[in-house]
Amino acid sequence: MNTLISAIKNREHSFSDRLIFYRPTADDIQAVFDIHANPETNHFNPQGPMTSLEEAHGVLAHWQAEWDEKQWGYWSVARRSDPERIIGFGGISNRPRFGGNALVERLQQLHAANLYFRFSPEVWGSGYANEMAEKALDMAFNQIGLKAVLGLTREANVPSRRALERLGLKFKEMSGEEHELGAQYVYSIDAETYRMKFL
């Protein structure tokens, strides 16, 4: 049995050109911690890196509960060429662990979801986050039927802001309290604007 078939045999999954998107499982716990505890991946995160495996378990349990409830949520992401190794996490959620109750309430009122991505620094610059985000937007608008997708980032996080803009999200507003990283920037794209990209 080849590596790809072996890796996906017992996991819910979907594909893009270069990536596999898995429903998160308990087997991903070390990758959840390693990626979210890395100072490089938290350079623009006001909360800073994860500090314990217990915290990682809480995040993973939250993601799994959302999948159990809705059959969609954040993915564990691997390369098709190396399907057993998780290189990042992301996708869409309307009940994100990061962001607080106010964000959750807003997403549910708007019938929207939050777009999230965090990848291991060793794969930065590969275009994987963009490829994953394109798959997530397709799911949001063409499969789930959401009305909008939001992307939240800090003013100082220019790479993330540019990534959201390349995906077609537009700056909407500043939100939340000021921070040394600057205000929280809210970007958004609605279903009609998304579909116009493909006309």
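D28 is buried, with a relative accessible area of 2%; buried means under 20% relative accessible area, exposed over 50%, and partly exposed in between, with a 1.4 Å probe and protein chains only. D28 sits in the loop between β2 (19–22) and α2. Helices (H or I, at least four residues) and strands (E, at least two) are DSSP runs, numbered from the N terminus. Leaving aside neighbours within four places in sequence, D28 is in contact with R11, R23, S76, I86 and F89, where contact means heavy atoms within 4.5 Å.

The model is predicted: local features need pLDDT of at least 70, side-chain atom pairs count only at pLDDT 80 or more, and totals for chains, interfaces and linings use all residues. Residues are numbered from 1 along each chain as its sequence is written, and side-chain values use heavy atoms, with hydrogens and water left out.

The chain has 7 helices and 8 strands. Of its 199 residues, 48% are buried. Among contacts with a separation of 6 or more, 63% are between residues 24 or more positions apart.

Two packed helices are described by the angle between their axes and the distance between the axes. Helix α2 (residues 29–37) packs against helix α3 (residues 53–70) at an angle of about 115 degrees, with the axes 9 Å apart. This makes α2 roughly perpendicular to α3. Angles under 35 degrees count as roughly parallel, over 145 as roughly antiparallel, 65 to 115 as roughly perpendicular and the rest as oblique. Axes are lines fitted to C-alpha atoms, for helices over the stretch in contact, and angles run from 0 to 180 degrees between N-to-C directions.

On the α2 side, the contact is made by I29, Q30, V32, F33 and H36, and on the α3 side by L53, A56, H57, V59, L60 and W63. These residues divide into 8 nonpolar, 3 polar and no charged. Ala, Val, Leu, Ile, Met, Phe, Trp, Tyr, Cys and Pro count as nonpolar, Asp, Glu, Lys and Arg as charged, and the others, Gly among them, as polar.

W63 also belongs to a set of ring pairs. Rings of Phe, Tyr and Trp (its six-membered ring) pair if their centres lie within 6.5 Å; planes under 30 degrees apart count as stacked, over 60 as edge-to-face and the rest as tilted. The count comes to 7 aromatic pairs. One of them joins W63 and Y74 edge-to-face, 5.8 Å centre to centre and with 85 degrees between the planes. W63 lies in helix α3 and Y74 in strand β3 (residues 74–79), so the pair ties together parts that are 11 residues apart in sequence. Both W63 and Y74 are buried.

F171 and Y187 form another edge-to-face pair, 5.9 Å centre to centre, with 75 degrees between the planes. F171 is in strand β7 (residues 170–175) and Y187 in strand β8 (residues 184–190), 16 residues apart. F171 is partly exposed at 43% relative accessibility, whereas Y187 is buried, with a relative accessible area of 1%. Ring pairs also link W63, Y74, F89 and Y116 into a cluster; F89 is one of the contacts of D28.

V123 lies in the loop between β5 (112–119) and α5 (128–144). V123 counts as buried at 6% relative accessibility. Not counting residues up to four places away in sequence, V123 touches R79, I87 and Y128. The C-alpha atoms of V123 and G88 are separated by 9.0 Å, and the two residues are 35 residues apart along the chain.
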